[in-house]
2 protein chains.
Amino acid sequence: MQTRTLPVAEARSLVIDTLIRCGTAPQNAASVAEALIGAELTGQYGHGLRRVPLYAGHVLSGRVDGHAAPRVRKTRPGTLLVDAMNGFAYPAMDLALAELPQMARENGIAMAGIGGSHHCGVAGLPVEALARQGCIAIFMANAPAAMAPWGGRRPIFGTDPIAFAAPLDGAEPVVVDISLSKVAKGKVMAAVQRGEPIPEGWALDADGNPTTDAAAAMKGTMVPMGEAKGTALAIMVEMLCAGLTGANFAYEAPSFFALEGDPMNTGQAILVIDATAMAPGATARFAELASQIEGMEGARLPGRRRQQIRRDLLTSGIEVDDSLYAEIEALGR
Amino acid sequence: MQTRTLPVAEARSLVIDTLIRCGTAPQNAASVAEALIGAELTGQYGHGLRRVPLYAGHVLSGRVDGHAAPRVRKTRPGTLLVDAMNGFAYPAMDLALAELPQMARENGIAMAGIGGSHHCGVAGLPVEALARQGCIAIFMANAPAAMAPWGGRRPIFGTDPIAFAAPLDGAEPVVVDISLSKVAKGKVMAAVQRGEPIPEGWALDADGNPTTDAAAAMKGTMVPMGEAKGTALAIMVEMLCAGLTGANFAYEAPSFFALEGDPMNTGQAILVIDATAMAPGATARFAELASQIEGMEGARLPGRRRQQIRRDLLTSGIEVDDSLYAEIEALGR
């Protein structure tokens, strides 16, 4: 496959120009581009430039309002409710991230719930940004249903992500970013496209039986991480992201992958704690725990691999398939 | 094995009288008894009356200060720091639970961190109590090290629990209560006592290899739930419970199971969100999600089994082995 390498600024402009051309307000396009380029820079290519055709398609079909201006309401001194107004998730998340650190400094802890939202991208990025401002952050999001409750067959939960980051004295933040399915659904989709089977343990068919048939898996459900524990945590994520904010539960949200249809109206939750709110020296203590992990043979500190990829790609630029580049260039023309 | 059945009030008095006799202040003994009886009533017998000999032993040896008066400091409008003063965890948790609902109503969200603490018992109980007051609650605790970072061999994390509860319109709360190890370490200890092997997948030996030898497992580490994802979440729990509060990280905390030694100085974190803080009707929406799960063949709503056991045992009374009853009766005499 032919590829080209784009400097980061050029990749960002490519996304911004494309989204504007397809009917997105400039400030929204800039916010989306920042998130997609952020995903590319951490090696999370499935949430990067490859999303542009679908995002642009959603704007063109009206599933996403490219001109939405998210609305924020401070419901209590420590809580924000953000309505993404069926626009992209990122401008709504940006609004929350602009207010949460100060609210956490004042109250010790603060939270934003986001409803009327869309695809949230790489969950580790907003928490890492908050940790760089001295905050401990937890981010959760829901997504259209792909996982059944443990023992059940019908999908109720998304493969919902939970991310966590904390500032470390003298080092980049620790960044945890997991999904509650055992593997990402994108891996099953990729197997379908390649016409290959999937390993046992990834997915169940529509009857709830283990399957290695990728197409059968797409009609069935993803296996949760940690078996029943994964779907137990998914209840928490769905309630905080959707139940609390008025967004769709996973089983109410229309598929992300259709170009046309109703808005997804998914939700996100962001919890932020000021690292200085309790005992002194918390960030030094966090660094001690991190160094125990980093110093252990065979173990890795979550987030470090992505941070290294970012350092490398900021220098080398972002590699894009020529075919994807051409597809993006043609969007909205 | 001979057993007897105690009415709940009698079981409570047994614990209170024993702990007072061993050197615990009456209000602390009452708090501990409530938690241990609460564990019995939800069928979590490993956190119930069986803990009395060890708890009493800790008081008798001075590892736990039975007369400790926990201290609470409101560090910000939304955050409490509680020092359990090397006493039992439960009086410190009670202090936090008394203040958090009102703080959450005022601020939308509130959090307590507890340091200088001890064994936290059944993590689902404090969150269920908060949910009965209209709050969404998350509880986490750390414990002496038993789990290595994924890929590593040395234990760094406890088999740390995460619990979550939310109020449901017209029904008892949903209560999620998981530990971050694949199975509880108590199951390995029980296998050692019976001289039996353990199933593969539960634990690793001291060299990091899978083992079915229960004694080798006790010298090694517990397998995390969800593989690397379990230990990633354990970083979050350790940082919130210990890093933020000044308590010991798991790898710094002396074993819970020794009668003598330094105080454990472990930590707990409790996050509370007012269910009315954001969109209206959240508890009705929570009930909708719960009914989707309860209505699905093969699936179960987390918490329901324990709530049924509680209803049954409140009527039938609590069954105790005669040998355990005699052991408790003899403590401190």
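Mentor: Start with B:Glu227, in chain B's loop between strand E10 (221-222) and helix H8 (228-243). Helices (H or I, at least four residues) and strands (E, at least two) are DSSP runs, numbered from the N terminus. The model is predicted: local features need pLDDT of at least 70 and side-chain atom pairs pLDDT 80 or more, while totals for chains, interfaces and linings use all residues. Residues count from 1 along each chain as its sequence is written, chains are lettered from A and ligands numbered from 1 in the order written, and side-chain values use heavy atoms, without hydrogens or water.

Trainee: Why does B:Glu227 count as partly exposed?

Mentor: Its relative accessibility is 45%. Buried is under 20% relative accessible area, exposed is over 50%, and partly exposed lies in between (1.4 Å probe, protein chains only). So 45% makes B:Glu227 partly exposed.

Trainee: What is the phi of B:Glu227?

Mentor: Near 55°, a positive value in a residue other than glycine. A:Asn265 also has a positive phi, about 50°, and is not a glycine. A:Asn265 sits in chain A's loop between helix H8 (228-243) and strand E11 (266-274).

Trainee: Why does A:Asn265 count as buried?

Mentor: Its value is 19%. That is under the 20% limit, so A:Asn265 is buried.

Trainee: Why is B:Asn28 called buried?

Mentor: B:Asn28 has 5% relative accessibility, so it counts as buried. B:Asn28 lies in helix H2 (residues 26-41) of chain B. Beyond neighbours within four places in sequence, it contacts B:Gly66, B:His67, B:Ala68 and B:Pro91. Contact means heavy atoms within 4.5 Å.

Trainee: What makes A:Arg76 and B:Asp274 a salt bridge?

Mentor: Their closest N and O atoms are 2.8 Å apart. The rule asks for a side-chain nitrogen of Lys or Arg within 4 Å of a carboxyl oxygen of Asp or Glu. The pair therefore qualifies. The rule finds four salt bridges across the interface of chain B and chain A.

Trainee: Which element gives the most to the side of chain B that touches chain A?

Mentor: H8(B), with nine residues. By class, that side has 46 nonpolar, 18 polar and 15 charged residues. Here Ala, Val, Leu, Ile, Met, Phe, Trp, Tyr, Cys and Pro are nonpolar, Asp, Glu, Lys and Arg are charged, and the others, Gly among them, are polar.

Trainee: How much area do chain B and chain A bury between them?

Mentor: About 6200 Å², 72% of it on carbon and sulfur atoms. Buried area is the accessible area (1.4 Å probe) that two parts lose on being put together, summed over both. In contacts, 79 residues of chain B meet 79 residues of chain A.
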